[in-house]
Amino acid sequence: MAEEKLFMLLLGCRPKGRNTEQHDVYFGIGSTLKDLLPGIKASWPGAGEIHIDAWRMVTAADGYSINIQKRSAAGNSTPHPAPAPQLFFINLGGYRQNEFDEFHYKILVVADTLEEAKAQAKRTAFFKHNGLPNSATARNAVAHIDDKFGVDVDDLFAVKDILPAALKEQYRIELLPSAATKEDEIHLGYLRLVNL
């Protein structure tokens, strides 16, 4: 059996009645993208025809290798001392002068706490360069951190918490410090689910 991996996908679709394509991020565990199909379809009811705009197999972040471990029948087989580093997903949102859009930058960070993850996100170049001061045309247009639903700076999520329920019961994410981690390959472009 092939090794299970964590995948991060940018899903897109145009639900009925919408004027523009909508997007969401999906995390899943499997050996291949095809293994994720049932979870993808279940994650976005009423979406219509979903496609993948970007994906990556998450193998490393912030000097840690990312491994997927099957849980034992008793649950988490190896408890970690608190606080243990966790993998966080952060969706940064920001604005640019005279651009009719909200731009987003999605990052994975390893941190011990939500507050530490938030601090790391605020140090990114995106956060520093994608906000506008309040003016007559730009109210509350500062760069901000979106939660998975898109609004609150206080809601950041550990990836383990936003995995589909069935995957949370079956697997756990293990982070191992590693000096030899390389950046994950990011795959871009329209990919229909029927082509997996």
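## Thr-124 and its surroundings

The side chain of Thr-124 reaches the backbone oxygen of Ala-121 at 2.9 Å, in a model that is predicted, where local features need pLDDT of at least 70, side-chain atom pairs count only at pLDDT 80 or more, and totals for chains, interfaces and linings use all residues. Residues are numbered from 1 along each chain as its sequence is written, and side-chain values use heavy atoms, with hydrogens and water left out.

Thr-124 lies in the loop between α2 (114-122) and α3 (125-129), where helices (H or I, at least four residues) and strands (E, at least two) are DSSP runs numbered from the N terminus. Thr-124 is buried, with a relative accessible area of 16%; buried means under 20% relative accessible area, exposed over 50%, and partly exposed in between, with a 1.4 Å probe and protein chains only. Apart from neighbours within four places in sequence, Thr-124 is in contact with Leu-92 and Ile-107, contact meaning heavy atoms within 4.5 Å.

## Strand β5 and its partners

In strand β5 (residues 64-70), five of the seven residues are buried. β4 and β5 form a hairpin with two residues between them, and Asp-62 in the turn has a positive phi of about 50 degrees. β5 also pairs in the antiparallel sense with β10 (residues 171-177) over seven bridges, where Gln-69 has Arg-172 as its bridge partner.

Notes: A polar contact is a pair of N or O atoms within 3.5 Å; within protein, one must be able to donate a hydrogen and the other to accept it, and residues adjacent in sequence count only if both atoms are side-chain atoms. Two strands pair if DSSP finds at least two bridges between them.
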